[in-house]
Amino acid sequence: AMEQTFIMIKPDGAQRCLVGEIISRFEKKGFSLRGLKLVSVDSAFAEKHYADLSAKPFFNGLVEYIISGPVVAMVWEGKGVVKTGRTIIGATNPADSAPGTIRGDFAVDIGRNVIHGSDSVESARKEIALWFPEGVVEWQSSLR
Ligand code: CMP
């Protein structure tokens, strides 16, 4: 099956009206949107999403950030989308992310870094299962 990744526009990205810009970058690169929803999550859900980071000193702040407003949860599909998606997003710390990347263009603070993308095919599989238990959408090939 074609590779998929989980991408989330965080509350600051949605609040700052970067949703269209971010979707546009993934579309123009050539990836296919397979799932899309605007959702508010509670702390239990955010803790599940970031379970691997539960020992980090910034964990509680991270959970507060993610529950502070609606997020845009997406599944994108295409060749190498996990790695290339992270290239489009840029380095986790906006201080290190290159201009031309989403974080490089739109963020300054690691604690408000606009967007999340799965870091591996295995994380993507888990995150898609968590955020899209209902499954994703098939394109009809005649329309693509
Ligand atoms: P994300 O790609 O969602 O993966 C984990 C998140 O933890 C990361 O983006 C940041 O939002 C957050 N994060 C990582 N390191 C720090 C840090 N040092 N301080 C605050 N937040 C961090």
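This is a predicted model: local features need pLDDT of at least 70, side-chain atom pairs count only at pLDDT 80 or more; totals for chains, interfaces and linings use all residues.
| Residue | Part of the residue | Distance to an oxygen atom of the ligand |
|---|---|---|
| Y50 | N or O atom in the side chain | 2.5 Å |
| R103 | polar side-chain atom | 3.1 Å |
| I110 | backbone N or O atom | 3.5 Å |

Taken alone, the ligand would expose 450 Å², and the protein buries 76% of that.

The UniProt annotation "active site", from an unreviewed entry, covers H116. You will find H116 in strand β4. Is H116 buried or exposed? H116 has a relative accessible area of 11%, so it counts as buried, the cut-off being under 20%. Beyond its neighbours within four places in sequence, H116 is in contact with several residues, among them Y50, R103 and I89.

I89 takes us to helix α5, which spans residues 81-89. Its buried residues are V81, V82, G85, I88 and I89. They cover an arc of only 120° around the axis, and therefore sit on the same side of α5. On the other side of α5, K83 and T87 are exposed. What do the buried residues of α5 pack against? Their partners are the strands β1 (4-9), β3 (71-77) and β4 (115-117), together with the helices α2 (19-29), α6 (102-106) and α7 (121-131). After α5 comes G90, with a positive phi near 95°.

Note on methods:
Residues are numbered from 1 along each chain as its sequence is written. Side-chain values use heavy atoms; hydrogens and water are left out. Buried means under 20% relative accessible area, exposed over 50%, partly exposed in between (1.4 Å probe, protein chains only). Helices (H or I, at least four residues) and strands (E, at least two) are DSSP runs, numbered from the N terminus. The arc is that of the directions from the helix axis to the C-beta atoms. Contact means heavy atoms within 4.5 Å. UniProt positions are given in the numbering used here, feature names are shortened, and annotations may be inferred rather than shown by experiment. A polar contact is a pair of N or O atoms within 3.5 Å; within protein, one must be able to donate a hydrogen and the other to accept it, and residues adjacent in sequence count only if both atoms are side-chain atoms. Accessible areas come from the Shrake-Rupley method with a 1.4 Å probe; for residues, only the protein chains shown count as cover.
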